[in-house]
Amino acid sequence: MIGNFWVPEKVSGLKDDARDFSTTLTPEEQTAYKGILSFLIFLGSIQTVNLPNFSNYITSPEVNLILAIQAFQEGIHSQSYATILESVVSSEERDEIYYFWRTNDVLLERNKYIGSIHQDFVDAPTDKTFFRGLVANFLLEGLYFYNGFAFFDTLVDRMKMPATGRMIAYIRRDELTHVTIFANIIKEIKREFPEVYDEEIVREMTKVAVDQEITWSKAILGNKISGMNGDTTEEYTKWLANQRLSMIGIEPLFADAIKNPYKHLDRLQDPN
């Protein structure tokens, strides 16, 4: 994770993306670009604030160190999304994008869901709220971000917004380590505290996350983004959920979702 160190100011080309935004993106792509950034900014800010709450209940010093590094990286991610926004989008639109969840019912509902799980743990730290918080973190890092990432990668595949794509690639590289951290923590909970581990909670929360991600992605992407549509969004989300569940030793929830419909992601994303 330390070897991944980077800062958004060092990513060049955002001025070119600002020109591309107004000249090469379709109106539908512009809407998706702004809406997805709004969602990512919100989730990143939740992570930065909430991660230290888990550390209070973890005794392993090396895991505490890892979570401290993750919290720093989440702060960098929030800064990165803000840097993209302030470099690419006009100043008149920024506040609207930052607070898009206040006016968009779909986004508000999913933000409230993930936020309430973290708040429940803060308000009443019990074994159950702790475990639900861990699962929420795992799903947030491993599922909620990824249709957004797929959108930016699809733009890059079509030679659009390359600087934004580079920034997202750096962020995704960090997120892969974060997914792995929480997969290992959940597996260790199962091994060391089987009375706390609850597979049904994992499956139930994953189903909710998949439904919310599909609903949101279809709403913000529509069927007017070249290379992405409602069917591919659903197939990709379910496939990815199966991949994440396999990391913690749980059978797939979606038997028919056996392949990634976005072949260009295999080339653009580094899963190592």
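Methionine 159 lies in the loop that connects H7 with helix H8 (162-192), where helices (H or I) are DSSP runs of at least four residues, numbered from the N terminus. The model is predicted: local features require pLDDT of at least 70, side-chain atom pairs count only at pLDDT 80 or more, and totals for chains, interfaces and linings use all residues. Residues are numbered from 1 along each chain as its sequence is written, and side-chain values rest on heavy atoms, without hydrogens and water.

The loop between H7 and H8 is also the place of methionine 161. Values for the two residues are tabulated here.

| Residue | Phi | Relative accessibility |
|---|---|---|
| Methionine 159 | about 65° | 74% |
| Methionine 161 | near 55° | 1% |

One cavity of 30 Å³ or more is counted, a cavity being a set of points on a 1 Å grid over the protein atoms alone where a 1.4 Å probe fits but cannot get out. The largest cavity has a volume of about 50 Å³, taken as the space filled by probe spheres set on the points. Two or more lining residues (an atom within 4 Å of a point) come from each of helix H2 (27-55), helix H7 (146-157) and helix H9 (199-221). H9 gives the most, with five residues. The lining comprises eight nonpolar, three polar and one charged residue; among its members are Phe39, Asn147 and Trp216.

Methods: 1 Å grid on protein atoms, 1.4 Å probe; cavity = no way out; pocket = protein on both sides within 12 Å on 5 of 7 lines; lining within 4 Å. Nonpolar A, V, L, I, M, F, W, Y, C, P; charged D, E, K, R; others polar. Buried < 20%, exposed > 50% of the residue type's maximum accessible area, 1.4 Å probe, protein only.
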